[in-house]
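Hi everyone, thanks for coming.

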Amino acid sequence: MLLLVALGIVFSPAVVNIVTAEVTNHNPASPLLNYSRISLPPEHIPYFLSNNKKVAKLCRQDPLCPFKDALQNPSVCWGYEKNCDAEKRFSYPVCTKVNSGWARSLDAAQELFWKQADFGYVKERLSELKTLCKASEPGDSSLRCSSHARFCRATNLYLDLRNSRRSHERYDEDFFHTGEIGGHCKLNKQALAAEGDHKSPLQSWYAELQTYSELNFHPIEDGHCDIIIEKPTVFMKLDAGVNMYHHFCDFVNLYISQHINNSFSSDINIVMWDTSYYGYGDLFSETWLAFTDYDIIHLKTYDSKRVCFKDSFFSLLPRMRYGLFYNTPLVTDCHTEGMFRAFSQHILHRLNIPQNGPKEGRVRVTLLARSTEYRRIRNQVELLNALKTVPLLDVSVVDYKYKDVPFLEQLRITHNSDIFIGMHGAGLTHLLFLPDWAVIFELYNCQDESCYRDLARLRGIQYVTWQKMDKVFPQDKGHHPTLGDHPKFTNYSFDVEEFMRIVLEAADYVTQHPKWQRSARHDEL
C-alpha cells in the first residue's frame, strides 16, 4: 500500500499518505520505496519531489534513495503550485516584442503567454475546479470539474451500460440517460447545468455528464456494480489517430491532465470514450506506452454491465476553445521551453529514445520526404546533392511511412536530428521531439503560416521557413476537391542557392547553441 500511495496511483489531491507502521517495520536492507516506479526524466525529479513532500521526506530518510541530488533544491516548482516563486518555476516565456493587441508590456506579454501555453495553463485549470457533487461521508462519490467541464475528477463513479445505445456516432450526446451515470453524493444541479456552454464532442465532457445523477444508493457498498474497477482510470475522447498533428493533441492534453491531477503513474487504465460500434485506427499506438502499462480499453468492453470506477478523471480534450494545441491563439513574438518541452522529455524518457549526439564538427540534417500525391519536392535529388557538398552536414532522407518505419524508430531518427526539413504536413509534428538546439525548417508552409511556427514556439525550438516567393515554383495552382485552387494540393520546386542559404544559416544557429556546444564537447570526451 505504501508504494501505491507514494507514487500517486491513488487519485486524491494529497498524493501521498504515509503509513507510519509500514515505515517503522521496514527492512533497512531494502529501499523504502520501489523508486524505479517513479519513471520521470532526471530533470523532472526535483519538481516531482518538491510537489510531493511526503515522498521527498521518505527519500531523505532512506539511505538507498537514488534521488538525493534532486533534494538539494527543494524550492523548485513547476509553476502551478501554491507559493511557487516565479524565479523557481520550471520555465518562463521569452518575448522579444510587445503587440498592443495582446499586452502593453513585455512582462504582461510573458505572463499571458505563460497562462496560454505553459504551466500557467495548469494553474488556470486548477483554479477553476469546483465541486459539482459533494461527498458527505466516507465511501460517498464525488465529482469536481474545471470550467465548461473540460477536465473532471470522479470518485466511486457509477456507469450503467446494460441498455447501451450504440450507433454510428462516436460521441452520441444522449448516450446515458438519467440514473445511468452518477454517484452517491449531493449534486448541485444548477452548477452542473452552468458548465454546458461549450457542449461539443471534443471540447467538453458536459454531454457525457449532463445526466449525472444523485443516486439513492452507494454503488459499490450496496452491491450495484457488476464490475468494480480498482485501478485509477482516465477517460479520453480522441481526435484522428491517423494524423500525428491531431493525435498528439490527445497525448499533450493527457500529459497536462496528469499535472492537474498530480499523478504520473503508468499503473492506470485508459478508457476510450466512444459510443459507436467502431474500433479506432491508431498509427502512433506505441505512444500509449508512455502513459499506461496496459492496452487501451474501449468503452464498449463494458456493455451490458454496471461498472463502478473507484478513482477516475476525464482528460482535457484536443479541440477545446483556447485549448492546446489545435488552433490555439498565442501572443505573438513569444516562445517558451516549458510545458511542451517537459512533454517531449517525458515521452522520450518513457519510450527509451536515446540522444546519440551531437557530433563534434557534424550537423545532422534529416529531410522528410513525402510519397503522397501532393506537397512533394519535385527537385529533391538536386537539393540533396547540394547538401552533400558541404562536409559539415551529415545528410539523411526519411519517408515516415508507418508500414516501413515503426513509430519508435521515427522518434529515434527525429530526436537525433539537428536540422529537420519538410514540407507543410502532419509529419512536422515531429518537431516536438527534436533536441533543444535543433532547427525545424518548414520548407514551404503552403500559406498556412502559423500552424508549425506556433508549435515550434510552444516547444521552444528555432523555426524557419521559405520567404522568397519568387524562388519557389509550384507545379500548378493546386486542385482542392471542393474549394478549387489551393496551395496544399500541388507540388513544388525550390531554388537551390536559396535553399542552401537557409540551411547553412540553420547550421550556424545549431553550432552556436550553448546546449549543442556542451553536448558536443561531452560526446567528444
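Counting secondary structure, we have 15 helices and 20 strands in this chain. Please keep in mind that this is a predicted model.

How does the overall size look? For 525 residues, a compact globule would have a radius of gyration near 24 Å, and the chain comes out at 25 Å, so the two agree. Along the principal axes, the C-alpha atoms take up a box of roughly 75 × 60 × 50 Å. Buried residues make up 57% of the 525. And if you look at contacts with a separation of 6 or more, 72% of them link residues 24 or more positions apart.

Now let's zoom in on a helix pair. Helix α6, residues 119-128, packs with helix α9, residues 244-261, at an angle of about 55°, and their axes are 10 Å apart. At that angle, α6 and α9 are therefore oblique to each other, and their crossing is right-handed. Which residues meet there? From α6 we have F119, Y121, V122, R125 and L126, and they meet I256, H259 and I260 from α9. By type, that contact is made of 6 nonpolar residues, 1 polar and 1 charged.

One last stop, L106, which sits in helix α5, residues 106-117. Beyond its neighbours within four places in sequence, L106 touches C95, T96, K97 and V98. Then there is C334: it lies 228 residues from L106 in sequence, yet their C-alpha atoms are 9.4 Å apart in space.

That's my tour, thank you!

Technical notes. Residues numbered from 1 in each chain as written. Predicted model: local features only at pLDDT ≥ 70, side-chain atom pairs only at ≥ 80, totals over all residues. Heavy atoms only, no water. Axes fitted to C-alpha atoms, helices over the stretch in contact; angles between N-to-C directions. Helix = DSSP H or I, 4+ residues; strand = E, 2+ residues; numbered from the N terminus. Parallel < 35°, antiparallel > 145°, perpendicular 65-115°, else oblique. Left-handed = near helix turned anticlockwise from the far one by under 90°. Contact = heavy atoms within 4.5 Å. Nonpolar A, V, L, I, M, F, W, Y, C, P; charged D, E, K, R; others polar. Rg over C-alpha atoms; globule rule 2.2 N^0.38 Å. Buried < 20%, exposed > 50% of the residue type's maximum accessible area, 1.4 Å probe, protein only.
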